[in-house]
Amino acid sequence: MNPARRAFLRLLALGSGALAACRAKAPAPVQSLLGAPISPYGERSPFVQSARQTFESTRTPEQAASLTPLADTYGIITPSSLHFERHHSGVPKIDPAQHRLLIHGMVNRPLILTMEELQRLPSMSRIHFLECSGNSNTGWRPTPRPTVQAAHGLTSCSEWTGVKLSLLLDEVGVQPGASWILAEGGDPAKMTRSIPLAKAMDDAMLAYAQNGEPLRPEQGFPLRLFLPGWEGNSNVKWLRRLKIVDQPYMTREETSKYTDLMPDGRARQFTLVMDAKSVVTHPSGGRRLAAAGFHEITGIAWTGRGRVTRVEVTTNGGATWQDAVLQDPVLPRAHTRFRLGWEWNGSDATIASRVTDDTGYVQPTRAELVAIRGVNSNYHNNMIQAWKVNHDGTVEYAVL
Ligand SMILES: Nc1nc2c(c(=O)[nH]1)N[C@H]1C(S)=C(S)[C@@H](COP(=O)(O)O)O[C@H]1N2
Ligand SMILES: [Mo]
């Protein structure tokens, strides 16, 4: 018998819980009323309520972040309407007909492109995660975040469509000696980041679409820089300017922000690649398991360096680990869904996941991470995240 069928039969055999209840009840009578009419743009069922949550520390609505409800998402794609948001000065309203992208600096033929011109060029689509480097940063501090949304909701995964940046760089003719690109957004903050030319020539994209439709305004409509696997901040939204230069420009975002203070007093800078991370999304903090017996532990794993090769799960606080199933597709620099069947015996259990990527890197425990990085960082915390399942089925934040 296949394992899924066996799990299903075990669930039926419990004699309690959801499946037993549905066996006992007669089906509801078929409604004879006509259904709702067709609509020009789809809405979800009114019974589905999951929503982005606003970050508690937000001081002003413009300088804000919102978090993806990871516990409520399936597979690997985040619905665009639930993609996390992070803005330094609000969401600008940009008319694509008026928008221009300027490419200048150390180039032979500077260019100003309209959106229409960009969309005539050869396009590409890729599924990639986008994660703010401040995601799960409470790991650095004793304050727990009660849910996976609050702790890890600054990561989402979409299919992005746009133009390969290298195509445009070939067109403008990058001059010898150029090594960086200054990317500038068209929001009131004019957010800018210095990007190494090597990434721009590799897999960087100018994205104008997300999950089959134009970018959402919150994600940078009409155009954003997309750097697969790199920290969220470097993915400049509302992109209006690329200046080809021969040094990093030391913008606010790469000096006072997005650097990591090390124990010896020096700071890590330009830590652009996101390290491997994983988290169990079910069961997770704030949820409640209905009854002992079979449950599927599931979650997501990702790495900015390539592909996820292994996810192990513990249900006994790290004493032993079991390999979870990696659900297809397992794509480079994308969320990867993992699953493991679990027979919960109804007593307290601490569960957690640990990812390995194709560079051989293994996700560290908090102690392992702190041993190298100290506790003065605010960004790039990728420690193993645990959840404690209490005997009454409630689930809470825990540290392994
Ligand atoms: N122009 C501009 N680009 C920006 C930002 C911004 O405020 N302005 N925020 C950055 C940060 S900190 C992150 S984490 C990502 C978030 O992208 P999202 O809102 O599409 O999730 O965009 C980055 N790009
Ligand atoms: Mo960010």
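This is a predicted model: local features need pLDDT of at least 70, side-chain atom pairs count only at pLDDT 80 or more; totals for chains, interfaces and linings use all residues.
Residues are numbered from 1 along each chain as its sequence is written, chains are lettered from A and ligands numbered from 1 in the order in which they are written, and side-chain values use heavy atoms, with hydrogens and water left out.

**Exercise 1: Threonine 161**

Work out where threonine 161 lies and which residues it is in contact with.

Step 1. Look in strand S7, residues 155-164, and you'll find threonine 161. (Helices, H or I with at least four residues, and strands, E with at least two, are DSSP runs, numbered from the N terminus.)

Step 2. Threonine 161 has 15% relative accessibility, so it counts as buried. (Buried means under 20% relative accessible area, exposed over 50%, and partly exposed in between, with a 1.4 Å probe and protein chains only.)

Step 3. Now leave aside the neighbours within four places in sequence: the contacts of threonine 161 include Ser123, Met124, Met205 and Tyr208. (Contact means heavy atoms within 4.5 Å.)

Step 4. Serine 125 is on the contact list too, and its side chain makes a polar contact of 2.6 Å with that of threonine 161. (A polar contact is a pair of N or O atoms within 3.5 Å; within protein, one must be able to donate a hydrogen and the other to accept it, and residues adjacent in sequence count only if both atoms are side-chain atoms.)

**Exercise 2: An open sheet**

Find the order of the four strands in the open sheet and name its edge strands.

Step 1. Reading across, the order is S16-S17-S21-S20, and the pairing is antiparallel. (Two strands pair if DSSP finds at least two bridges between them.)

Step 2. The edges are S16 (277-282) and S20 (325-326), since each of these pairs on one side only.

Step 3. Zoom in on S16 and S17 (residues 293-302): five bridges hold this antiparallel pair. Lysine 277, for instance, has tryptophan 302 in S17 as its bridge partner.

**Exercise 3: Salt bridges**

Step 1. The search turns up 20 salt bridges. (A salt bridge is a side-chain nitrogen of Lys or Arg within 4 Å of a carboxyl oxygen of Asp or Glu.)

Step 2. Take arginine 240 and glutamate 184, whose closest N and O atoms are 2.8 Å apart.

Step 3. Check accessibility: arginine 240 is partly exposed at 31%, whereas glutamate 184 is buried at 9%.

Step 4. Finish with the network of salt bridges that links Arg310, Glu312, Asp323 and Arg354.

**Exercise 4: Cysteines**

Step 1. (A disulfide is a pair of cysteine sulfur atoms within 2.5 Å.)

Step 2. The closest cysteine sulfur to that of cysteine 157 is in cysteine 132, 16 Å away, so it's too far for a bond.

Step 3. As for accessibility, cysteine 157 is buried at 0%, and cysteine 132 is buried at 6%.
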